Amino acid sequence: INGNATFGTAAAPQITYFSGSTTIKGNGNASGAGILIVEGDLTIEGNFDFKGLVLVRGQTSVTSETGFTGNATVYGSIWTNDVNLNVGGSAIVYYSTQALALANQVAGGSALPSPLVVTSLVDCTDVPAASNGCP
């Protein structure tokens, strides 16, 4: 992402999906609200402000480019496999129930993560094969 980019707002949160590793560069400002999903690594090298839930299936890095100091601020929560901070500006993550409520709006209104509800339970050895969801 080079330059300014907006991925949802507090008034209209959205689900934003990146299918691979993503870098937010330092020559602009990126912001968003709702749910941000990155299938690879997320690298933040610029100004980034997000309200909601950030899911990163790879590593999250907040770094500074030579001669540039960026600021990353997330209100809500980040779920990631690994975090690497080499910050020339600032990196702040605030747990925020209000920001997670924005993520809940785009997730169908149910709480994230949703509690497990067991509607039925069967022992597959007690029922005929290929019935009740059993092999």
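Which residue stands opposite Tyr94 in E8? In this predicted model, where residues are numbered from 1 along each chain as its sequence is written, it is Tyr75. Local features need pLDDT of at least 70, side-chain atom pairs count only at pLDDT 80 or more, and totals for chains, interfaces and linings use all residues, while side-chain values use heavy atoms, with hydrogens and water left out.

**View 1. Strand E7 pairs with E6 and with E8.** Strands here are DSSP runs of at least two residues, numbered from the N terminus, and two of them pair if DSSP finds at least two bridges between them. Strands E6 (residues 47–63) and E7 (residues 71–86) run parallel and are joined by 14 bridges. Look for Leu53, whose bridge partner in E7 is Ser77. E7 also pairs with E8 in the parallel sense, over 6 bridges.

**View 2. Tyr94 belongs to a nonpolar surface patch.** Tyr94 sits in strand E8 (residues 90–95). Tyr94 counts as partly exposed because its relative accessibility is 39%, between the limits for buried (under 20%) and exposed (over 50%), with a 1.4 Å probe and protein chains only. Together with Tyr75 and Ile92, Tyr94 forms a patch with about 250 Å² of accessible area. Such patches take residues with over 30% relative accessible area and no salt bridge, nonpolar side chains being joined within 5 Å; a salt bridge puts a side-chain nitrogen of Lys or Arg within 4 Å of a carboxyl oxygen of Asp or Glu.

**View 3. Thr60 is buried in strand E6.** Thr60 counts as buried because its relative accessibility is 5%. Beyond its neighbours within four places in sequence, Thr60 is in contact (heavy atoms within 4.5 Å) with Leu42, Thr80, Asp82, Val83 and Asn84.

Note on methods
Patches are made of residues with over 30% relative accessible area and no salt bridge: like charges are joined within 9 Å, nonpolar side chains (Val, Leu, Ile, Met, Phe, Trp, Tyr) within 5 Å. Accessible areas come from the Shrake-Rupley method with a 1.4 Å probe; for residues, only the protein chains shown count as cover. Helices (H or I, at least four residues) and strands (E, at least two) are DSSP runs, numbered from the N terminus.
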